[in-house]
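Let's work through a few exercises together on strands and cores. Keep the structure in view and take each solution one step at a time.

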Amino acid sequence: MRTHALVRCLMTAGLVLASGAASAAVFADNFESGLNGWFTAGDVSNPGGYIALTTASLTEVDDAPLPAGVFNFSGVTAVEVGVADGLESRIGLTPGALDTADGFAYEGSAMWRELTVSAGDTLRFDWLFATSEPYVDPLPDYAFLLIGDQVIRIADESDAPFPPTTPFRRESNRSTFEYVFTQSGAVRLGFGIVDVGDYTATSALAIDNLSVTPVPEPSGWALLLGGLGVIVASARRRI
């Protein structure tokens, strides 16, 4: 009897805590409604409940012997990088910001929007990287997260060693990425992918289940823990 009562108490407390956490999300997007609220440049599409970004051109034969545009899913060609009005300037970066230490970025695609966040908020999203490169190039294509003017690498060709479930040659596991915001205020949040070293072989990034969740305020934790104390005390009186 005592054990059952305590189990019921803990289950109730868990529901209270989960309810508090669930109501705290300040932004969420599972992309079921497409790209509402997002700006895009290049090949960015919604194939069905997730977002796909690629480095695919519509006119150039990136993936010979396959025809031009075979991996382009939106009908919009990838954008040049490192030029005036190129991909970098469209997402608020200076030309050359997407180059790597070993090579130049050539073309790519991106999506972005403005959010208001607080320091300590946590960004989470699911991702998958795929490429038609037959092997890991010394200058690998890469996918990135944009936070303001900070470019954070999500994955590159070396993260995609597995047989594909997509039309590409190789892909990564589906994974979850987390980032904790360090400053409060308005911020540009974006995602992108670029070809590095050349234009050949299309790479792609899939994004889903995006959310920004705040850390509960100390007063919120006190309220939740106070409620837990009331539940435990009540359970003890009934035992």
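**Exercise 1.** Find out how E6 and E12 run relative to each other, and how many bridges join them.

*Solution.* Start with the direction: in this predicted model, E6 and E12 run antiparallel. Next, count the links, and you will get 12 bridges.

**Exercise 2.** Work out which other strands pair with E6.

*Solution.* Step one: strand E2, residues 39–41, pairs with E6 in the antiparallel sense over 3 bridges. Here alanine 41 faces alanine 110 of E6. Step two: strand E5, residues 79–80, is another antiparallel partner, with 2 bridges to E6. In that pair, valine 79 stands opposite glycine 108.

**Exercise 3.** Decide whether E6 is mostly covered or mostly open.

*Solution.* Buried means under 20% relative accessible area. By that cut-off, 10 of the 13 residues of E6 are buried, so the strand is mostly covered. For the protein as a whole, buried residues make up 44% of 239.

**Exercise 4.** Locate the nonpolar cores.

*Solution.* Begin with the largest, which has 31 residues. Leu123, Phe125, Leu145, Ile154 and Phe191 have the most contacts inside it. Several strands each supply at least two of its residues, including E6 (105–117) and E12 (185–196). Then find the second, separate core: it has 15 residues, among them Ala41, Ala110, Trp112 and Val196. As a general background, nonpolar side chains tend to be buried together in soluble globular proteins.

How values were computed: Residues are numbered from 1 along each chain as its sequence is written. This is a predicted model: local features need pLDDT of at least 70, side-chain atom pairs count only at pLDDT 80 or more; totals for chains, interfaces and linings use all residues. Side-chain values use heavy atoms; hydrogens and water are left out. Buried means under 20% relative accessible area, exposed over 50%, partly exposed in between (1.4 Å probe, protein chains only). A nonpolar core is a set of buried Ala, Val, Leu, Ile, Met, Phe, Trp, Tyr and Cys residues joined through side-chain atoms within 4.5 Å. Helices (H or I, at least four residues) and strands (E, at least two) are DSSP runs, numbered from the N terminus. Two strands pair if DSSP finds at least two bridges between them.
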